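Student: I am new to this structure. Please take me through a single residue and its surroundings, step by step.

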Amino acid sequence: MKTALLIVDIQNDFCPGGSLEVRDGDKIIPAVNELAGSDRYDIVVATQDWHPANHGSFASQHNAEPFTKGKLDGETQIFWPDHCIQNSEGANFHPDLNTAPVKAIFRKGMDELVDSYSGFFDNKRKQDTGLRHYLFGLGIKEVHVCGLAADVCVQFTASDSLDLGFKTILIEDCTKAIDDGDFEKFIELFQSKGGIVTNKKNIIGV
């Protein structure tokens, strides 16, 4: 069965010191590098948040406090700190991430009127990143998901992967959550739908 490793948003703004940091987010990078450098995968791909400076999910665009809720194009929206602005240092992959094995990068969040958590679709499913067609075209049947943040972009990406018909495995020790409680609830739902949760050792033996 052809298998892909999907590395989600390991970018500076989601790591310690970034504008939307995930606590200890950088601690997963050595394990992710081990996965990507192993011979377990037929293809390694990555996603990258890539927002315009005026993105409507930013609290600064609404004179709102970060992490409060409001409306964006008629939909309920969490207003985030400005993050992963196109061509900024914060949008770059973390320097410790080995991107040499990555064969394709899929950017998301470029439409200022809709947020985009999943690596496959925006939150309204108006736009497709092209990732699913890329994987289908390569004959990929199984997708392993890791990266940041576990309870936001990793969660949405893994869920969409499962819904698209890929056998989907979430590598739990290669992701970190903003809210561990929310992530635990997602894992229960994910597994009830046929998703698999495991760790790096079970995938590559180390």
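Tutor: Start with the neighbours of Lys-108. Contact here means heavy atoms within 4.5 Å. Leaving aside residues up to four places away in sequence, Lys-108 touches Asp-9, Thr-47, Gln-48, Asp-49, Trp-50, Ser-116, Tyr-117, Ser-118, Gly-119, Thr-129 and Cys-153. This is a predicted model: local features need pLDDT of at least 70, side-chain atom pairs count only at pLDDT 80 or more, and totals for chains, interfaces and linings use all residues. Residues are numbered from 1 along each chain as its sequence is written, and side-chain values use heavy atoms, with hydrogens and water left out.

Lys-108 is buried, at a relative accessible area of 1% (buried means under 20%, with a 1.4 Å probe and protein chains only). Its side chain makes a polar contact, 2.7 Å, with the side chain of Asp-9. Such a contact is a pair of N or O atoms within 3.5 Å; within protein, one must be able to donate a hydrogen and the other to accept it, and residues adjacent in sequence count only if both atoms are side-chain atoms. A polar atom of the Lys-108 side chain also lies 3.3 Å from the backbone oxygen of Ser-116.

Now the strand. Lys-108 belongs to strand 5, residues 104-108 (strands are DSSP runs of E, at least two residues, numbered from the N terminus). Six strands form an open sheet in the order 5-2-1-6-7-8, with parallel pairing; two strands pair if DSSP finds at least two bridges between them. Strand 5 and strand 8 (196-198) stand at the edges with a single partner strand each, so one side of each has no neighbour in the sheet. Strand 5 pairs with strand 2 (residues 43-49) over five bridges, in the parallel sense. There, Ala-46 stands opposite Ile-105 of strand 5.

Definitions and conventions:
Helices (H or I, at least four residues) and strands (E, at least two) are DSSP runs, numbered from the N terminus. Buried means under 20% relative accessible area, exposed over 50%, partly exposed in between (1.4 Å probe, protein chains only).
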